[in-house]
Amino acid sequence: MTVMRVTLAAASALVAGVVLAGCGSATGGAGGGGGSAASPSTSMSAPRLAVPPADGPVTGQGTVIEVPEKGPELCLGPVMESFPPQCEGIPLAGWTWKTGSFEDGSSVGNPTKWGTYAVTGTFDGLTVTVTSSIPLALHDTVAPPSPRPMAPPDLSAEEWAAIETGVRVIPGMLTSMREGDQGPVLVEVVHDDGTLQDWADQAFGVGAVRLTSMLR
């Protein structure tokens, strides 16, 4: 199992100049074999250059880290298990640390603060403007909505490998992994308003890639 991650800045630079060699438009309906990867000679540009903004309030769960020179960020993807922890997260505007709900590195001369939270606010595609937050231990976690049942297409090992490479251009991609030998490729993104999933269905075949928005 391979886990890949890119920062928002790196994703924007990547999608500006990279095309999906080896993956193109797919045809067919839902169900087993409903989509197929295009021939290696076909290419398709990335869906858009930026993470889509949210129309209304969204909530993200993860580690909030504040390094003085960067400001507070919400880590929706992997976090380095160092002391203090590190990540490349989403900038938070209007963030306030609440007494007793966070840790800091002052014992080792490091002013970094961190804690795990459920953060609610508006999202413009780059920054979450915080309207409320709660320590994650006190948050009533709600599972993400189950995607519509869809059998992945019948693809070769080479085609699946091309898809695993191709999803790297999706803006705001945090992690990806293939579920078993026959897919689908599961991708976590910062935010999807539905347009990224629609693009992935067209680019790789319906059922080949399943996106989960971490702000929802």
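The protein chain of this predicted model has an average pLDDT of 79, and 73% of its residues score at least 70. pLDDT is the predictor's confidence in each residue, from 0 to 100. Confidence is lowest in helix H1 (residues 8–17), with a mean of 35, and highest in strand S3 (residues 90–93), at 97. Helices (H or I, at least four residues) and strands (E, at least two) are DSSP runs, numbered from the N terminus.

Where pLDDT is low, the predicted coordinates should not be read in detail.

Now the sheet. Three strands form it in the order S7-S8-S9; it is open, with mixed pairing. Strand S7 (173–178) and strand S9 (209–213) are at the edges with a single partner strand each, so one side of each has no neighbour in the sheet. On average, neighbouring strands are turned by 20° against each other, direction ignored; the axes are lines fitted to C-alpha atoms. S7 pairs with strand S8 (residues 185–189) in the antiparallel sense, over five bridges. Pairing requires at least two DSSP bridges between two strands. Arg178 stands opposite Val185 in S8.

Ala151 sits in the loop between strand S6 (128–135) and helix H2 (157–166). Ala151 is partly exposed, at a relative accessible area of 33%; buried means under 20%, exposed over 50%, partly exposed in between (1.4 Å probe, protein chains only). Its C-alpha atom is separated by 9.0 Å from that of Gly183, 32 residues apart along the chain.

Residues are numbered from 1 along each chain as its sequence is written. Local features need pLDDT of at least 70, side-chain atom pairs count only at pLDDT 80 or more, and totals for chains, interfaces and linings use all residues, while side-chain values use heavy atoms, leaving out hydrogens and water.

Notes
Axes fitted to C-alpha atoms, helices over the stretch in contact; angles between N-to-C directions.
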